[in-house]
Amino acid sequence: MWFYRFRKRHNLSFRRATHIAQQSRDLIDSRVNGFLKQVIKTRKQHHYEDRFIGNMDETPVWIEMPGKSTLEHSGVNQVSVSSTGHEKKRYTVVLTALADGTKLPVLVLLPGVRPLPANKVPPGVIVHMCGTNKSWASAATTKVWFRRVWCRDTSNKRLLVWDTFRGHTTEEIKQYAKEEMNTDMIYIPGGCTSKLQPADVSWNRPFKMYLQESYDEWVYSGAKTYTPKGNMRAPEVTMLLKWIKNAWQEISPSIIIKSFKKTGISSALDGTDDHLLGYESDDEDPFENCLLENGTEPPVAISSSIDGAQLSEDSDSDKLSDFSDTDDYFDPDSPGHVNWQ
């Protein structure tokens, strides 16, 4: 048919969308260039070492992560996976790393008021109870992050690169960062976090896939408890925190270092790292590339079905990682808060 000849002549093919954007590519490119110019100017002015350049990101994590697909016999009409019924309940994890590959402790925002006993929180994880039945990220939790995670060294001026989430941009936070934390801040333009935020470029996806692996192993072979009616209970908070710690430990320092260079935040000012700039094309898997360079294989998600253990792959595990560039997740009655419920 003429249509197939037309496609072949113009090298056209049907492609699956990788991003849904409201801005044009030219506008995004201009924002990226403006951001990189600001980073270079600030670094030339203050000469930060890599250990004083950081990025943080709040990302939603689901209490339960059942796979969306699984292996099953052909012709079967109904395919089931085990679940505890808590698929929609979420909490917030704050990941922070420095350009020299250092990973700072994970901050986990949990709903509720009563603090967890110290023996239930693993080393390397900090828990903050949000005081409500929702684990919202806000300007208040950003200040908690400053005090409990970013506060380890205030004697040296540092550079913090992060997104334009409302909880990062209040005048109180700007003043607190400058006066109390000795920190300069550069904001990643809206719509550009998938290109300019190290967490979105390289950390979040493998982090969540390692969490998925831990959950699937627990569903398949872990110790579980059941209600009097025989329904499986959700994993305990202690176990969730352990999974978070292990997943963050699995992210290698080399991936962290590369993410800062790839986004241009810590690239050599003499241009010797320019070949590392840029982000993956639509045909590349950034998670797979990072891990293969490190000599290890991506984690395999093992999902348990009603009839037994099956292999699965959750293609939607990172669907909210770029939440900071849209107002769709903001509570209209509480400016500066993100509702993960």
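A salt bridge is taken here as a side-chain nitrogen of Lys or Arg within 4 Å of a carboxyl oxygen of Asp or Glu. The legends below refer to a predicted model, in which this rule gives a count of four salt bridges. Side chains of opposite charge can pair when their charged atoms come close.

**View 1. The salt bridge between E49 and R51.** The side chains of E49 and R51 meet with an N to O distance of 2.7 Å. E49 has a relative accessibility of 42% and is therefore classed as partly exposed. R51, at 41% relative accessibility, also counts as partly exposed.

**View 2. The salt bridge between K143 and E172.** In this pair the N to O distance is 2.9 Å. The relative accessibility of E172 is 47%, which places E172 in the partly exposed class.

**View 3. The salt bridge between D184 and K157.** Here the side chains meet at 3.6 Å, N to O. D184 is part of strand β6 (residues 183-187), while K157 sits in the loop between α3 and β5 (158-162); the pair therefore ties together parts that are 27 residues apart in sequence. Are the two partners buried or partly exposed? D184 has a relative accessible area of 17% and is buried, because buried means under 20%. K157, by contrast, counts as partly exposed, at 33% relative accessibility.

Key:
Residues numbered from 1 in each chain as written. Predicted model: local features only at pLDDT ≥ 70, side-chain atom pairs only at ≥ 80, totals over all residues. Heavy atoms only, no water. Buried < 20%, exposed > 50% of the residue type's maximum accessible area, 1.4 Å probe, protein only. Helix = DSSP H or I, 4+ residues; strand = E, 2+ residues; numbered from the N terminus.
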